[in-house]
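Biologist: I am new to this structure. Please show it and then take me through it.

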Amino acid sequence: MSNVPEIVSGNYQGIADHRNHTYAFQWSGDISSDLSSLNNEIDNMLRCSKNMIAYYSSDIGGFTGNPNRNDFVRWYQYGALSPMLRPHCSNTVMKSREPWVYDKKTTDLVKEYIDLRYRLLNVFYTQAFKHYSDGLGITRPISFVFPNDRKVNKNKNAYMLGDNILVAPISAAPKVEL
């Protein structure tokens with residue numbers, strides 16, 4: 001596993017050379033736990049997918065910072081429907097990235113999304129084989145499916161998982177408590 005050389009602390013700089021394809025699994029670096037960082041991670045994942053980096057990973061929950069329960073659940077929802085689900089954080093945060101350090105409701109919500117990920121394993125494995133065969137990412141921008149739709153081409157926070165699953169993570173502050 002390696003850090004994507006051109007993503008510095010969650011900010012995508014572009015793919016400069018072949019080093020990005022040296023390691024199969026890559027992550028974005030030490031990111032914050034706020035929702036703007038989550039939004040950046042979705043965009044970074046899609047940019048990497050366009051550059052044939054299929055196994056992009058985020059520090060689910062953020063490496064630094066202390067997400068509230070709602071933001072923490074949003075991170076896990078994104079992670080469950082991304083190529084790799086890898087919770088990770090600094091040892092300086094107030095709460096680690098396990099759901100049970102919040103409360104039972106958080107644990108139950110996160111468990112639902114982890115269960116969903118396991119129910120979709122056939123999709124992940126099929127997409128992994130397709131990536132091996134043709135280079136398409138496990139996740140990919142919706143513009144790959146609808147290339148002539150200008151509105152779709154501008155969307156940077158929704159993507160396709162497999163051929164039939166549209167994923168649009170909520171990466172802005174929710175109006176209601178989960």
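Modeller: A contact here means heavy atoms within 4.5 Å. Helices (H or I, at least four residues) and strands (E, at least two) are DSSP runs, numbered from the N terminus. This is a predicted model, in which local features need pLDDT of at least 70, side-chain atom pairs count only at pLDDT 80 or more, and totals for chains, interfaces and linings use all residues. Residues are numbered from 1 along each chain as its sequence is written, and side-chain values use heavy atoms, with hydrogens and water left out.

Biologist: Which pattern does the chain follow along the sequence?

Modeller: The chain holds five helices and eight strands. Taken in sequence order, they give β-β-β-β-α-β-α-α-α-β-α-β-β.

Biologist: What percentage of the residues in the chain are buried?

Modeller: Buried means under 20% relative accessible area, exposed over 50%, and partly exposed in between (1.4 Å probe, protein chains only). The chain has 178 residues, and the buried share is 48%.

Biologist: How far apart are the end C-alpha atoms of helix 1?

Modeller: The expected span of a helix is 1.5 Å times one less than its number of residues. Helix 1 has 16 residues and should therefore span 22 Å, which agrees with its end C-alpha atoms being apart by 23 Å.

Biologist: Is Met52 buried or partly exposed?

Modeller: Met52 sits in the loop between helix 1 and strand 5. Its phi is positive, at about 65°, although Met52 is not a glycine. Its relative accessibility is 47%, so Met52 counts as partly exposed.

Biologist: How many of the residues of helix 2 are buried?

Modeller: The buried residues of helix 2 include Phe72, Trp75, Tyr76 and Tyr78. They pack against helix 1, strand 5, helix 3, helix 4 and strand 7. Helix 2 is largely enclosed by the rest of the structure, because the number of its residues that are buried is 12 of the 12.

Biologist: Are helix 1 and helix 2 roughly parallel or roughly antiparallel to each other?

Modeller: Axes are lines fitted to C-alpha atoms, for helices over the stretch in contact, and angles run from 0 to 180 degrees between N-to-C directions. Angles under 35 degrees count as roughly parallel, over 145 as roughly antiparallel, 65 to 115 as roughly perpendicular and the rest as oblique. The axes of helix 1 and helix 2 come within 10 Å and cross at roughly 10°; residues of the contact include Leu38 and Ile42 of helix 1 and Trp75 and Tyr78 of helix 2. The two helices are therefore roughly parallel.

Biologist: Are helix 3 and helix 4 oblique or roughly parallel to each other?

Modeller: Helix 3 (residues 104-119) packs on helix 4 at an angle of about 50°, with the axes 4 Å apart. Arg117, Tyr118 and Arg119 of helix 3 meet Leu121, Asn122 and Phe124 of helix 4. The two helices are therefore oblique.

Biologist: Is Ser82 buried or exposed?

Modeller: Ser82 is in the loop between helix 2 and helix 3. Leaving aside neighbours within four places in sequence, Ser82 contacts Met45, Arg117, Phe124 and Tyr159. Its relative accessibility is 1%, so Ser82 counts as buried.

Biologist: What distance separates the C-alpha atoms of Arg86 and Arg97?

Modeller: Arg86 also lies in the loop between helix 2 and helix 3, and at 18% relative accessibility Arg86 counts as buried. Arg97 is 11 residues from Arg86 along the chain, and their C-alpha atoms are separated by 9.6 Å.
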